[in-house]
Amino acid sequence: MAGGGGGGDGEPEFQIAPMIDVLLVLLIFFMSITSAQVLQIDKDIKLPVATDAKKKDGKNQINEGAVNVAYKANKAAIKFGSLSWEDNLEGLVERLTEMKRNNPSYRVIIRGDRTVPAVEIQKVMNVIGQAGIDDISFSALNNDN
Amino acid sequence: MRKGSHRQLAADEANMGFQIAPMIDVVFVIMLFFMVMAGAVKVERELKTQLPGMAPSTPTEEKEMPDEIIVGVEESGAVTLNEEELDPADNKPLTNFTNALSRLKQDADNRGAKVLVTIQAEEQAKYERVIDVLNSLAKARVANVTFTVGSDQGF
C-alpha cells in the first residue's frame, strides 16, 4: 500500500504537509479562545474578581445593556452607551425605561470599578429599579492576572 | 552590464520557491504566544441578582417566612454576619463567612426553608468587598439577596 513513510526499505520520510495542517489547526484554536474573550469594557474600570461567578452567556447580548461606573478623582462617572449620565440620572431613568418598553426582557449589567463606594452602586441600582428593570447582574473577572 | 543583470535574474528565480522552514518557525512562535495568552485570559463573569419589588407576587398563597441573614460590609472591609464579625478586611476569600453561610443554607434546606440575605454595606465601603460577599453567596448557593446601603436608603 502506498502510504506515508516513503518506501519499504528506506527510512520513513518526514511529512511536512500534515504537520503544517496540525499546526494551523492548533493556531486557529488558540487564537479563537484568546481573541473571542477580549473584554470590551471601559479602560478606566478595573473590575473586581469573583471566581465563583457564572460565565456570561454570549447569546443574550441583544437584550442587555451595561452601565459602567468608573471612579475618578473621588467622583463616580456613570456611563451608559457612550454617554455620561452622572449629572443627569433622571435622563438615564428615561433612557432605560425606553429600552425596557421596547424590549420587555431587557436586562442591565453593572460594571463597577473595584474602588467605587457601595453608595454609588446603590444609586445605579436605584436608577435601574426606577426604570422598571428587575433583572440585573454585577460584572466581575475570573482572575486578576 | 547585460551579463550581470542576467545573473541577478537567475538568482532571483532560484529564491522564488516557498520556504517552508521559516514559515513553520513563525507559526510555532505565534502558536506559543496564543498558548501562553490563553492561560492568562480574563473572562468577564456575572453575578446575577433580582431587584426587589418587581417579581410577580402571589398574595393568595400562604408563604413561609424565610430565614433572614443580615450581612454587613464595613468601610474598613470587615464582613459581619448578623452583627458578628467573621472575616477581617485582609481575608479576601472570606473563608469563615462562606463556611458559616454554607452551614446556615444547609440547615435551612433541611428544614425546607428559604434563606434571604440582606447586604448592608456602609456608604463608603468598597464595591470590591461587596462583590467578595456576593461571590461567597454564589459559592454557598444562596440566591435571594437584597441590598441596603447606608442607614435607611434600602433597596
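What percentage of the 155 residues in chain B is buried? Buried residues make up 28% of chain B. A residue is buried if 20 or more other C-beta atoms lie within 10 Å of its own, exposed if 12 or fewer, and partly exposed in between, with C-beta atoms placed from the backbone.

## About the model

This is a predicted model, in which local features need pLDDT of at least 70, side-chain atom pairs count only at pLDDT 80 or more, and totals for chains, interfaces and linings use all residues. Residues are numbered from 1 along each chain as its sequence is written, while chains are lettered from A and ligands numbered from 1 in the order in which they are written.

## Chain B in outline

Chain B has four helices and seven strands. Helices (H or I, at least four residues) and strands (E, at least two) are DSSP runs, numbered from the N terminus. Read from the N terminus, the order in chain B is α-α-β-β-β-β-α-β-α-β-β.

Two residues are in contact if their C-beta atoms, placed from the backbone, lie within 7 Å. Take the contacts in chain B with a separation of 6 or more: 65% of them join residues 24 or more positions apart.

## Two helices of chain B

Helix α3 (residues 95-111) and helix α4 (residues 127-139) of chain B have axes that come within 9 Å and cross at roughly 40 degrees. Axes are lines fitted to C-alpha atoms, for helices over the stretch in contact, and angles run from 0 to 180 degrees between N-to-C directions. The angle makes α3(B) oblique to α4(B). Angles under 35 degrees count as roughly parallel, over 145 as roughly antiparallel, 65 to 115 as roughly perpendicular and the rest as oblique.

Which residues make the contact? From α3(B) come Phe97(B), Thr98(B) and Leu101(B). From α4(B) come Ser136(B), Leu137(B) and Lys139(B).

## Strands of chain A

Two strands pair if DSSP finds at least two bridges between them. Strand β2 (residues 64-72) of chain A pairs with strand β5 (residues 107-112) of chain A in the parallel sense, over six bridges. Here Glu64(A) stands opposite Arg107(A). β2(A) also runs antiparallel to strand β3 (residues 75-80) of chain A, again with six bridges. Tyr71(A) faces Ala76(A) in β3(A). These two strands form a hairpin with two residues between them, and Ala73(A) in the turn has a positive phi of about 50 degrees.

Strand β6 (residues 135-141) of chain A is largely enclosed by the rest of the structure, because six of its seven residues are buried. β6(A) pairs with β5(A) in the parallel sense over three bridges. Ile109(A) has Ser137(A) as its bridge partner in β6(A).

## A loop residue of chain A

Ala131(A) sits in the loop between α3 and β6 of chain A. Ala131(A) counts as buried because it has 20 C-beta neighbours inside 10 Å. Beyond its neighbours within four places in sequence, Ala131(A) is in contact with Val93(A), Leu96(A), Thr97(A) and Lys100(A). Pro12(A) is 119 residues from Ala131(A) along the chain, and their C-alpha atoms are separated by 71 Å.

## Where the chains meet

The contact between the chains takes 45 residues from chain A and 44 residues from chain B. Which element gives the most to the side of chain A that touches chain B? α1(A) does, with ten residues.

β6(A) and strand β1 (residues 44-50) of chain B run antiparallel, joined by seven bridges. In β1(B), Glu44(B) is the bridge partner of Leu141(A).
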